[in-house]
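Dear colleague,

I am handing over the structure we spoke of, and my notes on it follow below. Please read them alongside the coordinates and tell me where you would look further.

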Amino acid sequence: MSDRLLAFDGIGQDFPAPGTKANIRVLDGISFDVDRGKFVAVIGPSGCGKSTLLQMAAGLLIPTRGAVHHRGRTVTTINTEVGFVPQQAQLFPWKTLAENVELPLLFRGVAAGERRQRVADALGAVGLKGFEQHFPNQLSGGMQKRGSIARTLVYRPDIILMDEPFGALDAQTRMVMQSDLQTLSMEAGATVIFVTHDITEAVLLADHVVVLSQRPSRLLANIPIDLPRPRNMFEPFRNPAFEAAYDAVWTEFRSQIDIGRVH
Ligand SMILES: Nc1ncnc2c1ncn2[C@@H]1O[C@H](COP(=O)(O)OP(=O)(O)OP(=O)(O)O)[C@@H](O)[C@H]1O
């Protein structure tokens with residue numbers, strides 16, 4: 001039985017074109033569901049509206065047409081039940097790592113004892129035990145990213161929205177983070193919507209890959225990835241089943257990229 005947590009239902013979005021009275025159509029009739037405990041990757045060309053979809057799930061933007069439904073209710077205002085992990089870590093530089101992670105709990109009025117325990121648990125889950133008193137500039141880029149994930153995990157959101165979270169990391173750190181995210185989301189049974197440009201990352205992490213077209217963006221395909229878990233993030237191309245899944249996504253995606261004379 002499907003256990004639908006979030007639904008994008010016929011989403012359309014127009015934005016005013018700067019300097020004119022016209023509108024630009026960005027999203028055009030996008031529909032897909034996100035089931036509880038599933039990891040959904042959204043992939044599409046630059047500017048096709050991937051981040052815009054995440055903003056809608058968070059209630060930061062209400063679509064021009066269609067609606068987002070969370071637990072069957074239409075999202076009409078800021079959705080405090082979702083957690084957002086942005087591209088940059090965005091930790092407050094004047095606060096320690098523990099203080100940064102504690103912030104969402106302070107905002108929610110969680111008592112001091114429980115705050116301490118949950119911060120310790122979240123930092124432990126992302127491998128940052130022992131760094132509680134460090135300030136962000138005393139942490140590497142990957143550690144700051146882990147801190148940003150801990151700050152989201154700590155308030156146990158219903159759905160985690162991730163907008164190209166590993167885009168700015170070096171290749172090795174990125175693989176380690178992908179592997180750790182797989183472990184974390186499996187252990188927590190988390191529901192994740194993950195925006196990326198990277199087909200390999202999408203196929204390795206996701207249960208479903210949603211492929212969007214160029215603007216005005218339509219849904220080209222919603223491809224199930226049935227590879228068993230845990231998946232090996234470090235040597236994916238050694239696995240023929242991975243190659244087949246990659247090909248399925250690439251076949252849909254390649255028409256949207258201007259490959260020019262490279263084939
Ligand atoms: N508030 C806004 N006002 C006007 N235009 C906007 C607004 N937000 C987004 N856009 C436009 O909508 C389009 C989609 O933006 P969005 O950031 O969602 O794309 P994206 O697929 O996430 O892009 P990228 O992969 O490059 O990060 C872009 O052309 C952007 O300029």
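Since confidence comes up first, pLDDT is the predictor's confidence in each residue, on a scale from 0 to 100. This is a predicted model, and its chain has an average pLDDT of 92, with 97% of the residues scoring at least 70. Within the chain, confidence is highest in β4, at 98, and lowest in helix α5 (residues 171-188), where the mean is 88. For the complex, the predictor gives a pTM of 0.92 and an ipTM of 0.97.

Turning to the fold, four strands form an open sheet in the order β2-β1-β4-β5, and their pairing is antiparallel. Its edges are β2 (23-35) and β5 (73-74), each of which pairs on one side only. Strand β1 (residues 4-16) runs antiparallel to β2 and is joined to it by ten bridges; Pro16, for its part, has Asn23 in β2 as its bridge partner. Helix α1 packs on this sheet, where it touches β1, β2 and β4 (65-70), and its direction makes about 120 degrees with that of β1.

As for the ligand, the residues that surround it are Phe15, Val26, Gly44, Ser46, Gly47, Cys48, Gly49, Lys50, Ser51 and Thr52. Sorted by class, this shell has six polar, three nonpolar and one charged residues. Helix α1 (residues 50-57) gives the most to the shell, contributing three residues, and α1 is also the helix described above as packing on the sheet.

With best wishes

Note on methods
Residues are numbered from 1 along each chain as its sequence is written. This is a predicted model: local features need pLDDT of at least 70, side-chain atom pairs count only at pLDDT 80 or more; totals for chains, interfaces and linings use all residues. A residue is near a molecule or strand if its C-beta atom, placed from the backbone, lies within 6 Å of it. Helices (H or I, at least four residues) and strands (E, at least two) are DSSP runs, numbered from the N terminus. Ala, Val, Leu, Ile, Met, Phe, Trp, Tyr, Cys and Pro count as nonpolar, Asp, Glu, Lys and Arg as charged, and the others, Gly among them, as polar. Two strands pair if DSSP finds at least two bridges between them. Two residues are in contact if their C-beta atoms, placed from the backbone, lie within 7 Å. Axes are lines fitted to C-alpha atoms, for helices over the stretch in contact, and angles run from 0 to 180 degrees between N-to-C directions.
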